[in-house]
Amino acid sequence: MTKREQRIQRLIQAGVIAVVRAPRRDLVVPLSEALIAGGVTAIEITTSTPDALNAIRDAVAALGSRAMVGVGTVLQNITCRGALDAGAEFVVSPVLRGSMVPLCHAADVPIMLGAFTPTECQLAYEAGADFVKLFPADSLGPAFVQAVRAPLP
């Protein structure tokens, strides 16, 4: 099993990914520690957090193997590369940017690409995304997922 496959399994086993959108970098590690204490083992630090790449470095160093630290709200390849260099173990984008897939896969890191329509879901899959993030999910719901999965398992 590759490192990426192991990370995918860890994300699936985690069951939930906590999104940390902190107003300051220094809050990321304490927030992450609190999440771990509450049983959360997958933590997504968004790029909207000030100094996000260094916050990822801080969290990876502080949390070690107790949690998976990933990056979210990734919109550009350069940000994706920076997050991978900072130690992100998974990448989440709210948009369909297929050019990030080879960057992540070369680093053995799973990527979740954003999609809103069935066509975008299929394009994310064809691009090689490990997961498809329905975004914004609050306007779609379980019925949408069920309907899309019928023709696109």
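Analyst: The search of the whole structure finds 7 salt bridges, a salt bridge being a side-chain nitrogen of Lys or Arg within 4 Å of a carboxyl oxygen of Asp or Glu. The model is predicted, so local features need pLDDT of at least 70 and side-chain atom pairs count only at pLDDT 80 or more, whereas totals for chains, interfaces and linings use all residues. Residues are numbered from 1 along each chain as its sequence is written, and side-chain values use heavy atoms, with hydrogens and water left out.

One of these salt bridges pairs Arg4 with Asp130, at 3.0 Å from N to O. Arg4 belongs to helix H1 (residues 3–14), and Asp130 to the loop between helix H6 (118–127) and strand S6 (131–134), so the contact ties together parts that are 126 residues apart in sequence. Helices (H or I, at least four residues) and strands (E, at least two) are DSSP runs, numbered from the N terminus. Arg4 counts as partly exposed, at 22% relative accessibility; here buried means under 20% relative accessible area, exposed over 50%, and partly exposed in between (1.4 Å probe, protein chains only).

A further salt bridge joins Asp58 and Arg25, with an N to O distance of 2.7 Å. This pair also links distant parts of the chain, as Asp58 sits in helix H3 (residues 52–63) and Arg25 in the loop between strand S1 (18–20) and helix H2 (28–37), 33 residues apart. Both partners are partly exposed: Asp58 has a relative accessibility of 28%, and Arg25 has one of 31%.

Helix H2 itself supplies Glu33, whose salt bridge with Arg66 brings the closest N and O atoms to 2.8 Å apart. Arg66 lies in the loop between H3 and strand S3 (68–72), so this pair ties together parts that are 33 residues apart in sequence. Arg66 is partly exposed at 39%, and Glu33 is likewise partly exposed at 30%.

As for the cysteines, the search finds 0 disulfides, a disulfide being a pair of cysteine sulfur atoms within 2.5 Å. For Cys80, the nearest cysteine sulfur is that of Cys104, 3.6 Å away. Cys80 is buried, with a relative accessible area of 0%. The sulfur of Cys121 has its closest cysteine sulfur in Cys104, at 18 Å, which is too far for a bond. Cys121 is also buried, with a relative accessible area of 10%.
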